[in-house]
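The following note goes through one protein model point by point. Please keep the sequence and the structure in view while reading.

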Amino acid sequence: MSANREPGTTPRIGRAAYADVPLYDPKRVPTPTDLSDNTNLWGIPPVAERTLRELPWQRVTRYPSLYAAELKAALATVAGVTPDMVVTGCGSDDILDSAMRAIGDPGMLVAYSDPTFAMVPIFSRMNALRAVGVPELASGVPDVDALVASGADVLYLCAPNNPTGRLVPREALARLLRDFPGYVILDEAYIEFAGPDASHVPLLAAHERLLLVRTMSKAWGLAGMRVGYALAQPALAAEVEKSRGPYKVNGLAEAVALAAVTHDRDWVDAHVALAVENRRRLETVLREMGLSPVPSSANFTLVPVDQCVEVGAAMRARGVAVRPFPALPHLGDALRISVGPWEVVQQAIDALRAVLAARGPLQRTDTMPIPRATA
Ligand SMILES: *Cc1c(COP(=O)(O)O)cnc(C)c1O
């Protein structure tokens, strides 16, 4: 008898572990100016674009390479590791999913510093793992003691963190890697914006259970291509690759990503610098407006704003999408604003200013807490 069928009951459809897994839906609505997803608002790098246009049709009719060996070699060169320390995937979402499958036995516990990337509890549950959020300290630093004491088998951290933009202080990370015996997944989706000294690659040599997760969706401008990768010691990289399976990077994505990594690094560096400059400018303007943006090391700014869901909706009515994060630990309601060319950032500032002015003086309502968004 199938496990799905108890005598006298209607058989359920699908795995029990999936029953209450929600579909990821950040409630995006097409908006003329979209500053809600931290993608590269300057566009696609030039050689990647030409490669996309001129791709021979054979790349589409034939299978791509099994495990994207050429792309792995190119990414390894950029990261300063050997190719056997790289695993690619269909976006870094796929890497996170594969990693959890590779290292987590059903029922194991994944702990993450809260707030962070909304996909983590979802992928945990999709792989029959349990997930628990550990609120970060009021200082914005992950609560290392509580994470270590959580009894988790796997930790997930993100640096710079989405949605706060904060790095994990070196000392906290060192203590965590020393005291936590399990696997540590460290998501570096925004590492390019944090400066050359921020990379966690030097930690790999001493930590065989550390997985660094990266993406070509943000600084590299290729979110639609779905290319992510991870860096780890060869034994762990091989397990994640096995779990990922063959042909996960499609032929088009492989060619375009390889072109970008090989030829477009100057373009990416230049636009990362512009993003950082415009983020600083945005932070200054927000402070002049009497707001207190969280100091960011990424291509977005998180700024506490009361009733962020309503403010976000009103901004969208003015043609600008940003991402509301209601009821964050210590920060309360906040808006995450992606940074791009200054004209676009200026539109977000204008919309926010108009909405806040129309709302009048802040009314602090300490009534019912607004439910946490799932994203
Ligand atoms: C955007 C983002 C990703 C990227 O996901 P892809 O699947 O590579 O597009 C991964 N982690 C975090 C924290 C992100 O914000």
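1. Arg226 is partly exposed, because its relative accessible area is 29%; buried means under 20% relative accessible area, exposed over 50%, and partly exposed in between (1.4 Å probe, protein chains only). The residue lies in the loop between strand 7 and strand 8. Phi of Arg226 is near 60°, a positive value in a residue other than glycine. Helices (H or I, at least four residues) and strands (E, at least two) are DSSP runs, numbered from the N terminus.

2. A word on the origin of these values. The model is predicted, and local features need pLDDT of at least 70, side-chain atom pairs count only at pLDDT 80 or more, while totals for chains, interfaces and linings use all residues. Residues are numbered from 1 along each chain as its sequence is written, and side-chain values use heavy atoms, with hydrogens and water left out.

3. A second residue other than glycine with a positive phi is Ala68, at near 55°. Ala68 lies in the loop between helix 2 (58-61) and helix 3 (69-79). Is this residue buried or exposed? Ala68 counts as buried, because its relative accessibility is 2%.

4. Strand 7 deserves attention next. Six of its six residues are buried. In a regular strand the side chains alternate between the two faces of the sheet. In strand 7, Leu210, Leu212 and Arg214 are buried on one side, and Leu211, Val213 and Thr215 are buried on the other.

5. Which strands pair with strand 7? Strand 6 pairs with strand 7 in the parallel sense over four bridges, and Ile185 has Leu211 of strand 7 as its bridge partner. Strand 8 (residues 227-231) pairs with strand 7 in the antiparallel sense, also over four bridges; here Thr215 has Gly228 of strand 8 as its bridge partner. Two strands pair if DSSP finds at least two bridges between them.

6. Arg214 belongs to strand 7 (residues 210-215). Arg214 is buried because its relative accessible area is 8%. Its side chain makes a polar contact with the side chain of Glu188, at 2.7 Å. A polar contact is a pair of N or O atoms within 3.5 Å; within protein, one must be able to donate a hydrogen and the other to accept it, and residues adjacent in sequence count only if both atoms are side-chain atoms. Leaving aside neighbours within four places in sequence, Arg214 is in contact (heavy atoms within 4.5 Å) with residues including Ala79, Ser92, Glu188, Ile191 and Tyr229.

7. The structure holds two aromatic pairs. One of them joins Tyr190 and Phe300 edge-to-face, with 5.0 Å centre to centre and 80° between the planes. This pair links distant parts of the chain, 110 residues apart: Tyr190 is in the loop between strand 6 (183-187) and strand 7, and Phe300 is in strand 9 (residues 300-304). Both Tyr190 and Phe300 are buried. Rings of Phe, Tyr and Trp (its six-membered ring) pair if their centres lie within 6.5 Å; planes under 30 degrees apart count as stacked, over 60 as edge-to-face and the rest as tilted.

8. Arginine side chains also lie over rings: Arg336 is over the face of Phe300, at 5.8 Å from the ring centre, and Arg209 is over the face of Tyr183, at 5.0 Å from the ring centre. A charge sits over a ring if NZ of Lys or CZ of Arg is within 6 Å of the ring centre and within 35 degrees of the ring normal.

9. Helix 12 (residues 342-359) has 18 residues and reaches 25 Å from its first C-alpha to its last, close to the expected 26 Å. That expected span is 1.5 Å times one less than the number of residues. The buried residues of helix 12 include Trp342, Val345, Ile349 and Leu352, and their cover includes helix 10 (265-288), helix 11 (308-317) and strand 12 (332-338). Just after helix 12, Gly360 takes a positive phi of about 80°.

10. Ala351, in helix 12, counts as buried because its relative accessibility is 5%. Leaving aside neighbours within four places in sequence, Ala351 is in contact with Met315, Arg318 and Val320.

11. One joins Asp114 and Pro115, with omega about 10°, and another joins Ala159 and Pro160, with omega about -5°.
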